[in-house]
Amino acid sequence: MDPSSRLKALRNEVKTCRKCSLWKTRKNAVFDEGPVDARIMLVGLGPGKQEDLQGRPFVGAAGKLLDELIKEAGLNRERLYITNVLKCFLPENRATEEQIKACAPYLDEQIDLVSPEVLVPLGNVAANYLLKKFGMEPAPMEEIHGKFFRASMLTQSMLIVPMYHPASALRNPPLRNVLFEDWREFGSRLRSLGIVP
Ligand code: URA
Ligand code: SF4
């Protein structure tokens, strides 16, 4: 099956998935947004209230800030592939190890299918999951935000660039400036690497 048909099949599958308890409280599963041939993939934690209502990732308050950050980097949201570690609404905004373990195979397959050059985990949960997946040590966001890590696995090689979750700047306003600086620098490094024009 070609990647876009397979993504379509997975998108359908999550709508009725019951592999963890989160199916009980979801209205709409949120699988992804963006082109299958995207060179950059963003990975958040999981849908919030707005995302659950609309079935789209990052459309609430954190999403508005993410839009500004993407602009700050000089990128176009429509060219990015956006998803989350968890595909169903997190009522407490916290994920258990069990839920992550149940849902992560979807993310793993999305990474295989999209095969991005750059993976951008937003927040600790996504960063730790992706660093571990590629055999690297998880570390606190204070130490790794905005840094470029080279990840290789079998035939895949990609950059991982962890960023603070935009929601953390809504809770903790001084982080806003750090986020804007990180994204500005991110954009200019992507241009100098020739990953974006
Ligand atoms: N927070 C996330 O981690 N993901 C979303 O899609 C929205 C908010
Ligand atoms: Fe399935 Fe993931 Fe939703 Fe849990 S969060 S029910 S594993 S799609």
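This is a predicted model: local features need pLDDT of at least 70, side-chain atom pairs count only at pLDDT 80 or more; totals for chains, interfaces and linings use all residues.
Reader: At roughly what angle do the axes of helix 3 and helix 8 cross?

Author: Residues are numbered from 1 along each chain as its sequence is written, chains are lettered from A and ligands numbered from 1 in the order written, and side-chain values use heavy atoms, leaving out hydrogens and water. Axes are lines fitted to C-alpha atoms, for helices over the stretch in contact, with angles from 0 to 180 degrees between N-to-C directions, and helices are DSSP runs (H or I, at least four residues) numbered from the N terminus. The axes of helix 3 (residues 61-72) and helix 8 (residues 175-192) come within 8 Å, and they cross at roughly 40 degrees.

Reader: Which salt bridge partner does Glu68 have?

Author: A salt bridge needs a side-chain nitrogen of Lys or Arg within 4 Å of a carboxyl oxygen of Asp or Glu. For Glu68 the N to O distance is 3.4 Å, and the partner is Arg176. Glu68 lies in helix 3 and its partner in helix 8, so the pair ties together parts 108 residues apart in sequence, the partner being Arg176.

Reader: Is Arg77 buried or exposed?

Author: Arg77 forms a salt bridge with Asp67, the closest N and O atoms being 2.8 Å apart. Buried means under 20% relative accessible area, exposed over 50%, and partly exposed in between (1.4 Å probe, protein chains only). At 17% relative accessibility, Arg77 therefore counts as buried.

Terms used:
Helices (H or I, at least four residues) and strands (E, at least two) are DSSP runs, numbered from the N terminus.
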